[in-house]
Amino acid sequence: MIKKLYPNGKEKAFNLTYDDGIYDDYKFVELLNKYNLKGTFNLNSKLMKENFSWTHETGKIIKRISPQEAVCLYKGHEVASHTLTHPYMNNLTKKEILKELIDDKKNLEEIFKKEILGFAVPFDFYSKEISECVKETGFEYGRISEESNSWIPSEDYYFWKASIIHFNLNLENFVNEFIKTNDELALCQILGHSYDLEVENKWNLIENIFKKISESKNILPMTNIEIIKYLKAIRSVKISENKIINNSDLELWFEVDGKKISVQPKKEFFIKWDNV
Ligand SMILES: [Zn+2]
């Protein structure tokens with residue numbers, strides 16, 4: 001039997017995809033770093049430059065961190081685009097959509113001095129047209145604001161759903177079941193805003209989840225872009241009766257007859273079945 005694995009022979013992956021780039025991310029990133037987890041932070045470059053703030057219904061002021069603060073804070077994590085100005089996208093023309101995407105990508109690349117390949121939609125409106133613009137702008141994926149309620153990763157990288165939104169009352173149970181599952185390429189990706197953890201008083205809940213995940217030796221913390229690139233590569237391998245062909249640029253991992261092996265980029269692996 002052949003089972004596909006994540007890098008370093010890990011069976012499962014874990015990611016947090018958090019939006020808006022706000023001051024509560026300081027506490028959130030501190031927790032991620034404490035448990036060696038990986039986050040993907042979806043940012044609006046124009047609102048960051050303006051230190052934009054708004055008042056939550058609880059009275060809490062929610063403020064964007066500055067570009068300089070973001071460069072330090074998100075070191076070791078992924079930064080992705082969340083549009084330039086966080087518009088509700090249903091009323092935008094194609095030209096306006098592209099401007100929101102292209103300008104944000106360019107600004108973030110200048111701020112962080114690296115290629116930005118991920119996108120997460122602001123609010124909850126998304127369409128085929130937006131997904132095509134996301135692809136056209138050069139992003140590798142477009143994360144929508146819906147949960148799949150499943151640890152089987154989506155096949156549609158431009159309508160990408162996180163596994164579960166942190167508000168979901170089933171969150172703890174979902175994570176416990178994820179830790180137990182043997183499903184191939186299982187992924188737990190939690191979506192949210194760190195200010196929700198503050199206003200809903202959920203810091204302890206999220207820290208308990210981080211602790212449990214970090215104690216599970218079979219789960220690899222990854223950024224969303226690492227996950228997407230890896231899934232695209234491992235889903236494109238050709239597996240015949242006695243050969244695994246890796247046409248990708250990544251080292252790919254498998255369990256073959258109970259043994260963990262990796263196949264180097266552009267190489268083949270010949271399978272010697274023990275019981276044959
Ligand atoms: Zn947002």
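Helices (H or I, at least four residues) and strands (E, at least two) are DSSP runs, numbered from the N terminus. The expected span of a helix is 1.5 Å times one less than its number of residues. Helix 4 (residues 94–112) has 19 residues. From first C-alpha to last it reaches 27 Å, close to the 27 Å expected at 1.5 Å a residue.

The model is predicted: local features need pLDDT of at least 70, side-chain atom pairs count only at pLDDT 80 or more, and totals for chains, interfaces and linings use all residues. Residues are numbered from 1 along each chain as its sequence is written.

The protein chain contains 9 helices and 17 strands. An automatic or database assignment supplies the domain bounds. Domain 1 covers 12–233 and domain 2 covers 237–270. Their C-alpha centres lie 30 Å apart. Along its principal axes, the C-alpha trace spans about 65 × 40 × 30 Å.

Of the 276 residues, 42% are buried (20 or more other C-beta atoms within 10 Å of a residue's own; exposed means 12 or fewer, partly exposed in between; C-beta atoms are placed from the backbone). In helix 4 the buried residues are Ile-97, Glu-100, Leu-101, Asp-104, Lys-105, Asn-107 and Leu-108. They pack against strand 3 (39–43), helix 2 (45–49), strand 6 (78–81), strand 7 (118–120) and helix 5 (128–136). Lys-113 follows helix 4 and has a positive phi, near 55 degrees.

A nonpolar core is a set of buried Ala, Val, Leu, Ile, Met, Phe, Trp, Tyr and Cys residues joined through C-beta atoms within 7 Å. The largest such core has 69 residues. Ala-13, Val-79, Phe-119, Ile-130, Val-134, Cys-188 and Ile-227 touch the most other members. Helix 9 (residues 224–234) gives the largest share, 6 residues. Both domain 1 and domain 2 contribute, so the core lies between them. Beyond its neighbours within four places in sequence, Val-79 is in contact with Phe-41, Leu-43, Tyr-74, Leu-108, Phe-112 and Ile-116 (contact means C-beta atoms, placed from the backbone, within 7 Å).

Three strands form an open sheet in the order 13-14-17, with antiparallel pairing (two strands pair if DSSP finds at least two bridges between them). Strand 13 (238–239) and strand 17 (268–270) are at the edges, each with a single partner strand, so one side of each lacks a neighbour in the sheet. Strand 14 (residues 243–245) runs antiparallel to strand 17, joined by 3 bridges. Lys-243 has Phe-270 of strand 17 as its bridge partner.

Definitions and conventions: Two residues are in contact if their C-beta atoms, placed from the backbone, lie within 7 Å.
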